[in-house]
Amino acid sequence: MRCEEISCPKDAERVKGTCRCRKGYAGELKLAANAYQGICKEVPCPPSSVGKHIAAGCKCSPGTVGGIQPSFKRTFSKLDKQERAYLEDYEPTDGGYYHKGMCQAQKCPANSVGNDVVSGCRCNSGYSGKIAVEGFSGCPC
């Protein structure tokens, strides 16, 4: 007779003798009797990014820059309302989240004015061209 290790549920992995959800997945797993209870669910891509879910890969939306990588939960500090709304269903109880990085609106290029490419930029006086969300055409001026 021998003792067998209890297997982890789908989308979970063993770490230091217990099971936890893989990077990019959220859920609570508890050992009860001879099996783990709970599920690990896919965490959707955060605001300003596109993709199936974090574990499958997310890319920044057109007009934004940055990057998203799957992660185990980590602590956050400053988040805007949109980010907090996204995290509401996927936040672990200790206030962490399941990815590294964010996508932020791309700043207007040199010789132009505006807050960012997503909200709109225009070339300064004395310069011409068009600044488009999915890249720059005509300008950088």
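Reply: A disulfide here is a pair of cysteine sulfur atoms within 2.5 Å. This is a predicted model: local features need pLDDT of at least 70, side-chain atom pairs count only at pLDDT 80 or more, and totals for chains, interfaces and linings use all residues. Residues are numbered from 1 along each chain as its sequence is written, and side-chain values use heavy atoms, with hydrogens and water left out.

Me: How many disulfides does that rule give?

Reply: The count is 5 disulfides.

Me: Start with Cys21. Which cysteine is joined to Cys21?

Reply: Cys40, with an S to S distance of 2.2 Å. The torsion about that S-S bond is about -90 degrees, so the Cys21 and Cys40 disulfide is left-handed. The two cysteines sit in distant parts of the chain, 19 residues apart: Cys21 in strand E2, Cys40 in the loop between strand E5 (35-37) and E6. Strands are DSSP runs of at least two residues (E), helices runs of at least four (H or I), numbered from the N terminus.

Me: Are those two buried or exposed?

Reply: Cys21 is buried, at 8% relative accessible area. Cys40 is buried too, at 10%. The cut-offs: buried is under 20% relative accessible area, exposed is over 50%, partly exposed lies in between (1.4 Å probe, protein chains only).

Me: What about Cys8, which cysteine does it pair with?

Reply: Cys8 pairs with Cys19, S to S 2.0 Å. This disulfide is left-handed, because the S-S torsion of Cys8 and Cys19 is about -85 degrees. Cys8 lies in the segment before E1 and Cys19 in strand E2, so the bond ties together parts 11 residues apart in sequence.

Me: Why does Cys8 count as partly exposed?

Reply: Because its relative accessibility is 23%.

Me: Next one. Where are Cys108 and Cys121?

Reply: They are joined by a disulfide, S to S 2.0 Å. With -85 degrees about the S-S bond, this link is left-handed. Cys108 is in the loop between strand E12 (103-105) and strand E13 (112-113), while Cys121 is in the loop between E13 and strand E14 (122-123), 13 residues apart. Both Cys108 and Cys121 are buried.

Me: Switching to charges. How many salt bridges?

Reply: The structure has 4 salt bridges. Each needs a side-chain nitrogen of Lys or Arg within 4 Å of a carboxyl oxygen of Asp or Glu.

Me: What does Arg2 pair with?

Reply: Glu4, at 2.7 Å, N to O. Arg2 and Glu4 are both exposed.

Me: And Glu13, which residue is its partner?

Reply: Arg22, with the closest N and O atoms 3.4 Å apart. Glu13 is partly exposed at 22% relative accessibility. Arg22 is partly exposed as well, at 38%.

Me: Which residue does Asp11 bridge to?

Reply: Lys10, at 3.8 Å, N to O. Lys10 is exposed, at 67% relative accessible area.

Me: Backbone now. What is phi at Lys16?

Reply: Near 50 degrees, a positive value in a residue other than glycine. Lys16 is in the loop between strand E1 (12-15) and strand E2 (18-21). Lys16 is exposed, at 85%.

Me: And phi at Ser48?

Reply: Positive, about 65 degrees, and Ser48 is not a glycine either. Ser48 sits in the loop between strand E6 (41-42) and strand E7 (49-50). At 29% relative accessibility, Ser48 is partly exposed.
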